[in-house]
Amino acid sequence: MQFDLNLWYRTMYSRAWVRIKSTYGEPVWLAVNLAVPLLSSSAMALLYRSAGLGNYSGFAILGGIMLAFWGNVLWSMASQFNWDKETGIFEIYLVSPAPISAILVGMSLGGILATVPSAVFVSLFGWVFFSVSISPSWLAVFLTFVLTLASLYAMGMLLSSLYLAYGREAESLNNAIGEPINFLSGIYFPSIGAGSPFPFALQIVASFIPLTIGMDALRKSVFYADGIRAVWLNLVILAGMAAILLYVGDRALKSLEERGRRQGTLVVRLR
Amino acid sequence: MRLLRAVLAAAWMGWKREMEWTNPALSLVIKTVAPAAAVLGAATVYWFGASFAGQFTAERLAYILVGASIYGQVAAYAYVPTSAIAEGKWSNLYPQVYITPTSSTPYLAGRCIASFADSLPVIAVSLAVSYYVSYALFRVSPTLLVSLRSILMVLGALLASVPATLALGYVLGSYSIFVSRFEWALPSYVSGLLMIFCEALFPANVLPYPLPLVAELLPFTYLMRACRAALIYDLWPAYVASMGFLICGGLVFLAIGIIAFSLAERSARGKGFIDKKVM
């Protein structure tokens, strides 16, 4: 099938629009999405305060902001095709001319825009209640943020392909991997480099997670005014990860889709 | 007798749903990984913050390990009643339970008891794992007093928390009857707020006044205190006092929970919510 840019763009736009409309058209969603990042980061900020280092509460608030996006990747990207399969939408995707990659990218963009209010609210909450002071290098912050999201959502695309092969195990897997990734990636504390409690080997393992590299660069650029010169390696790694994960995700999706067609598991529903 | 049989049947069903959707050993591993990682995450935040502030103590590390491990169980309770009712409405199980002679009150009790039972090994494993990993990472032994006596005291405290657990189940169950979407929202908020208010990670006096008073009203705060009195401080009087508050507070909350659930069910029947679902 020849690549049709117009069709790809329209599919991507439609999928993103559905996600944005469903979130902003239902304000309760905003409150729902806010619970975990807001309360977890508040608890960690209070833990920093109780440990005698209240001025590090900013690490917890930054963690909460990124947790909002990571939660969106886990629950609204990785699991999405599995849920779509259960409700019969996935087979509609397959028989339509819509490119699956455009659906995934649309889902990602829609997910990012739908998560922005949670991230903004957590930031404001941290600023007002924990008096978080920052010393940002804005260009580095912007680039790091964009590349971290790109690689995280590319990871979500890969996971969504893998979860397609699973049934209800997907939800349990999501529950199981969320916290270990939060821990290894140092969402609330440095897990790589200076200040990390992890042995070198574990830091290497943790570095394979895009969130680890992103959090490290974000902490440096948000709190220590480290510019692009200081975080360029993180940026290069994040860009590389995004490209590799996108490619692998696309291949995995095609391969699992083909396997699903042969085994007849693409249209298996729970109800 | 009929009531007890209904509770046991629901507990058995809850166990099957939570633990036997796959191999039970694998299910236990999957259930334990997340709480253990969360406990380690909190311990590392403390280590990082307190080391830089020069205030790190092994006793405080133990405080966090115990609180965060027990909190894992409390958080799990928040989701079970919602799952029992929201999923039950979706799969048509809840309306069928509702029309049985014993109706849904013992059903919810059974599901909460199953959650209590399957959380016990999760607490034990996540506490043990986080203890050893903390030692490996921070080179400090958290001061935990592990003996038959302290383990029995913790078990006693966990058993004493059953009324409070059931109360939480009934209150969240009352909410779940009426919602067809966003049913996970309230449990997420409740479990998050309990993390802050029930002294899971830090003493309530860290919170600005009058918020510490909220902690004093929650039975789960006394569960944390009783477990710490047993496992860290070896303080029998503090343990007994916390157990008293835990049991009395739990019973009061349970009475409120059952009344709220009965009223909610009656109102839901009148408004046609019992079998309402959104696909």
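In this predicted model, 34 residues of chain A are in contact with 34 residues of chain B, two residues being in contact if their C-beta atoms, placed from the backbone, lie within 7 Å. On the side of chain A that touches chain B, helix 2 (27-50) and helix 8 (169-184) each supply at least two residues. Helices here are DSSP runs (H or I, at least four residues), numbered from the N terminus. Helix 2 of chain A gives the largest share of that side, 15 residues. Sorted by class, the side of chain A that touches chain B has 21 nonpolar, nine polar and four charged residues; Ala, Val, Leu, Ile, Met, Phe, Trp, Tyr, Cys and Pro count as nonpolar, Asp, Glu, Lys and Arg as charged, and the others, Gly among them, as polar.

Residues are numbered from 1 along each chain as its sequence is written, and chains are lettered from A in the order in which they are written. Local features need pLDDT of at least 70, side-chain atom pairs count only at pLDDT 80 or more, and totals for chains, interfaces and linings use all residues.

Helix 2 of chain A and helix 2 (residues 24-53) of chain B pack at an angle of about 35°, with their axes 8 Å apart; axes are lines fitted to C-alpha atoms, for helices over the stretch in contact, and angles run from 0 to 180 degrees between N-to-C directions. Met44(A), Leu47(A) and Tyr48(A) meet Ala42(B), Val45(B), Tyr46(B) and Gly49(B) there.

Not counting residues up to four places away in sequence, Ala42(B) touches Leu47(A), Ile64(B), Ala68(B) and Leu201(B).

Trp15(B), found in helix 1 (residues 2-19) of chain B, counts as partly exposed because it has 18 C-beta neighbours inside 10 Å (20 or more make a residue buried, 12 or fewer exposed, and numbers in between partly exposed). The C-alpha atoms of Trp15(B) and Ala42(B) are separated by 29 Å.
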